[in-house]
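The sequence and structure come first.

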Amino acid sequence: MDLDQETAKELVKSVIDGFEEESIVNAESVTLFLCRECLPYLTKMNIPANIVQAVNGLAEKNEDLTAAGSLTDLVIAQDGRLQRVIVAGFGKGDECKPNNLRKAAGSAARALIAAKIKQTAVVAPILSNPARAHYLAALAEGLVLGGYQFTECKGKPEAKPELDFSIISGIPDAERVLAEAEVVADAVCYTRDLVNRPGNLVTPSVMAEEAEALALEYDMEFEILDVTMMEAMGMHALLAVGQGSIHPPCLVTIKYNGAGAAPYTAYVGKGITFDSGGISIKPSENMGEMKDDMAGAGAVLGALRAIAALKIPCNVMGIIACAENMPSGSAQRPGDVVKAANGKTIEVISTDAEGRMVLADAVWYACKQGAAKVVDIATLTGGVIVALGTETAGVVGNDDVLIRQIIEAGKKAGESYWQLPALPECKEALKSDVADLLNSAGREASCISGGLFIGEFVEAGIPWAHIDIGGTSTAAKTAGFKVKGGTGFGVSTLIKLAQEM
């Protein structure tokens, strides 16, 4: 990858290979990332003896010092002054995975910011192993993501905290690894910003503007279909969702070409910029959270931002189906029948099952543009939370190979997925007496039937997978590298998937 490594300096000020003890002694603070198996290696590194003694003494008294998620704050007398030392644990044995290090780094970053530390030397014995480049990337991503703050809606703009990291590493080509990690983390933060902005600031036209700006910045092909153009193409499923809002819907495509004449994979995102439920209106309590219903589209834009910046050798088209779902005199009604662009008719059982309708026309359009594979991502159902909780996204589709690729990419990205079965009875439940399909088959297995509905609009023979991020798009509390609010879930996975196509 041809990446300007100067971008790495936004993340770290220096990467020290074969560092001297003075690098630690002169640092304002020291952040140690330790698993249980790392402890014996502290004495073999050029870490000041008083720090090693303090840490080993604590470890003897408290075996949880290196437990995953633990954070211990010390103050050490160092060269005539006081030095802050933070010990972040990431487990033992099989727990010592990159994602636990990513989580530990996120927690440590917030502790440093809270303590108003401006500079820290980062030491992780595991990074002395030249084969652990993926651990270095995870640590760097965690430091950025854990320190993320969304303050742009404050009355008085707040300056972002300044925190310089000097990461002690024995990883070959560490600056390249860090530069790439910075790009990935920046893309996730970009998506978090989109998701965290309220519905009055993010409308369908704003999403289109974001996509156009991205396309211009990285010289990508850009197209927007407005209401008139969508009507001409028969996209009445998408149009029906947006017809109750004063903000007209749109369908946006940006194409990244990094592999010449190779076939395109389509990333298709649900972009409901606010979801009131429409006529089937949601309860007023917590309805404000529905500003995040464009998180799928945000993930697509974030992923393309990084894919283009990293110049990954692949071809990806990003399609975002944007609308605002509002109740009004012009809104669609329960019982309406609309015809999608592929000719199938849909009986609207619930206007709150709107995401699958905008995606119906969007995945069809991806196929018409020649996509060889289609991956859609959406905050589609609350049912996926019932099934899988808030840390794991559900995946359903027509191609097990593609689904396995998504799951494996997620493991490398620190994002969890679980394959849901494409049950024939769930597909049968979508049949309507008055139209071809129901837009909702009820609460039972809703995350499966909702996904299979979208699959009805993918051309036969094209591998397709649907990712339901209904439980993972936002976090109710801050923990690890996730900060309360938008998580940017799916961005890193889509980047990894592109790298491995």
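A polar contact is a pair of N or O atoms within 3.5 Å; within protein, one of the two must be able to donate a hydrogen and the other to accept it. The model discussed here is a predicted one.

**S440 and its surroundings**

By that definition, the contact at S440 can be described directly: a polar atom of the S440 side chain lies 3.3 Å from the backbone nitrogen of G442. S440 sits in the loop between β16 (437-438) and α14 (446-455). Its relative accessible area is 18%, so S440 is buried, the cut-off for that class being under 20%. Apart from neighbours within four places in sequence, S440 is in contact with I349, A353 and R356.

R192 belongs to helix α5, which covers residues 174-196. With neighbours within four places in sequence left aside, the contacts of R192 include L145 and Y148. They also include F481, K482 and V483, as well as G486, T487 and G488.

**Salt bridges**

Side chains of opposite charge can pair when their charged atoms come close. The structure holds 19 salt bridges.

| Pair | N to O distance | Separation in sequence |
|---|---|---|
| E152 and R197 | 2.6 Å | 45 residues |
| D186 and R305 | 3.1 Å | 119 residues |
| E456 and K344 | 2.8 Å | 112 residues |

The E152 and R197 side chains meet in a salt bridge. E152 is in the loop between α4 (133-146) and β6, while R197 is in the loop between α5 and α6, so this pair ties together parts that are 45 residues apart in sequence. E152 is partly exposed at 43% relative accessibility, whereas R197 is buried at 18%. E152 and R197 are also linked with E210 in a network of salt bridges.

D186 and R305 form another salt bridge, at 3.1 Å from N to O. Because D186 lies in helix α5 and R305 in helix α9 (residues 295-310), the pair ties together parts 119 residues apart in sequence. D186 counts as partly exposed, with 33% relative accessibility.

In the salt bridge between E456 and K344, the closest N and O atoms are 2.8 Å apart. E456 is in the loop between α14 and β17 (464-468), and K344 is in the loop between β11 (337-339) and β12 (345-347), so parts 112 residues apart in sequence are tied together. E456 counts as buried at 17% relative accessibility, and K344 as partly exposed at 25%.

**Cysteines**

How many disulfides does a search of the whole structure find? The search finds zero. A disulfide is a covalent bond between the sulfur atoms of two cysteines. For C426, the closest cysteine sulfur is in C447, and at 8.4 Å it is too far for a bond. C426 is buried, with a relative accessible area of 7%. C35 is likewise buried, at 4%.

**Positive phi values**

D173 is a residue other than glycine with a positive phi, near 55 degrees. D173 is placed in the loop between β6 (164-168) and α5, and is partly exposed with a relative accessible area of 42%. D219, also not a glycine, has a positive phi of about 55 degrees. D219 lies in the loop between α6 (204-217) and β7 (221-225) and is exposed, at 74% relative accessible area.

**Overall dimensions**

The protein has 15 helices and 19 strands. Its radius of gyration is 24 Å, close to the 23 Å that the globule rule gives for 501 residues, so the protein is as compact as a globular protein of that length. Along the principal axes, the C-alpha atoms fill a box of roughly 80 × 50 × 45 Å. Of the 501 residues, 57% count as buried. Among contacts with a separation of 6 or more, 78% are between residues 24 or more positions apart.

Key
Residues numbered from 1 in each chain as written. Predicted model: local features only at pLDDT ≥ 70, side-chain atom pairs only at ≥ 80, totals over all residues. Heavy atoms only, no water. Helix = DSSP H or I, 4+ residues; strand = E, 2+ residues; numbered from the N terminus. Contact = heavy atoms within 4.5 Å. Disulfide = S-S within 2.5 Å. Buried < 20%, exposed > 50% of the residue type's maximum accessible area, 1.4 Å probe, protein only. Rg over C-alpha atoms; globule rule 2.2 N^0.38 Å. Salt bridge = Lys/Arg side-chain N within 4 Å of Asp/Glu carboxyl O.
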